[in-house]
Amino acid sequence: MRKNIVAGNWKMNKTLQEGIELASEVKNMLTQTPECEVVLGVPFIHLAAIAALVKDSPIKVSAENCADEEQGAYTGEVSAAMVRSTGAEYVILGHSERRAYYHETCEILKKKTLLALKNNLKPIFCIGEVKQEREAGKQNEVVKEQLEGSLFNLLPEQFSNIVLAYEPVWAIGTGLTATPEQAQEMHAYIRSLIAAKYGQEIADNTSILYGGSCNAQNAASLFANPDVDGGLIGGAALKATDFKAIIDAR
Ligand code: PGA
């Protein structure tokens, strides 16, 4: 059966020293093995130090991005192989901030996904509609296009390594959370698309996380839904006590 996962996405926050401190705090708070997988999504420069720090703990480490080329003359880029070599096991791909500010298209994300999988990284692949699309009732269409455009080319055994994160863009960093009903409805729809493409077993084994202003107060009601398998947490992952409360809500 699928895993429950609570993953933090630190975005462009925390110096190396602050990041090590935060990761240590989270690690020290997990005195009992959590009931879900705990992942810290951290900036590239933090990866190696934090992966070493959490090595003998239940915490896994994720990058927030990787390059769409394998290696070579791509100044400033970080490849999937480099990410994996730090000890990281996950990579967040397709975040709406990457799509909006860095013009990452479905085609680019398809390449990144293949490179991540080739290098034994599990993508946490983000999908979700913007506000105007939700208001126009187009959310299902948008999410379907995102899945078809970047992931549905994968073979079943490749797709089995994908974690999805439904992140309605209007809820990210805004304090506006999807209601538990909206989240459940979309997660069930996403699972039905996976079932239609890859069969019910793979669909049932795919973890689908919710992201977008998920916090210590609303996490339990979101996670109570049968198709919500945890969360991708931005702002609330920057404080160890808040992040721990979200882990406990799962
Ligand atoms: P937020 O961000 O929790 O701050 O809304 C979530 C995300 O962008 O992954």
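This is a predicted model: local features need pLDDT of at least 70, side-chain atom pairs count only at pLDDT 80 or more; totals for chains, interfaces and linings use all residues.

Asn-9 contributes through its side chain, with a polar atom 3.5 Å from an oxygen atom of the ligand.

How much of the ligand's own accessible area does the protein cover? On its own, the ligand has 280 Å² of accessible area, and the protein covers 95% of that.

## The shell

The ligand is surrounded by 13 residues. The closest are Lys-11, His-95, Glu-167, Gly-173 and Ser-213. Sorted by class, the shell holds 7 polar, 4 nonpolar and 2 charged residues.

## Helix 5

Helix 5 spans residues 106–118, 13 residues in total. From first C-alpha to last, helix 5 reaches 18 Å. That is close to the 18 Å expected at 1.5 Å a residue. Just after helix 5, Asn-120 adopts a positive phi of about 60°.

Which residues of helix 5 are buried? They are Leu-109, Lys-112, Thr-113, Leu-115, Ala-116 and Leu-117. An α-helix has 3.6 residues a turn, so residues three or four places apart point the same way.

The cover over the buried residues of helix 5 includes both helices and strands. Among the helices are helix 3 (80–85), helix 4 (96–101), helix 7 (139–150) and helix 8 (156–159). Strand 4 (90–93) and strand 5 (122–127) also take part in covering these residues.

Technical notes. Residues are numbered from 1 along each chain as its sequence is written. Side-chain values use heavy atoms; hydrogens and water are left out. A residue is near a molecule or strand if one of its heavy atoms lies within 4 Å of it. A polar contact is a pair of N or O atoms within 3.5 Å; within protein, one must be able to donate a hydrogen and the other to accept it, and residues adjacent in sequence count only if both atoms are side-chain atoms. Accessible areas come from the Shrake-Rupley method with a 1.4 Å probe; for residues, only the protein chains shown count as cover. Ala, Val, Leu, Ile, Met, Phe, Trp, Tyr, Cys and Pro count as nonpolar, Asp, Glu, Lys and Arg as charged, and the others, Gly among them, as polar. Helices (H or I, at least four residues) and strands (E, at least two) are DSSP runs, numbered from the N terminus. The expected span of a helix is 1.5 Å times one less than its number of residues. Buried means under 20% relative accessible area, exposed over 50%, partly exposed in between (1.4 Å probe, protein chains only). Contact means heavy atoms within 4.5 Å.
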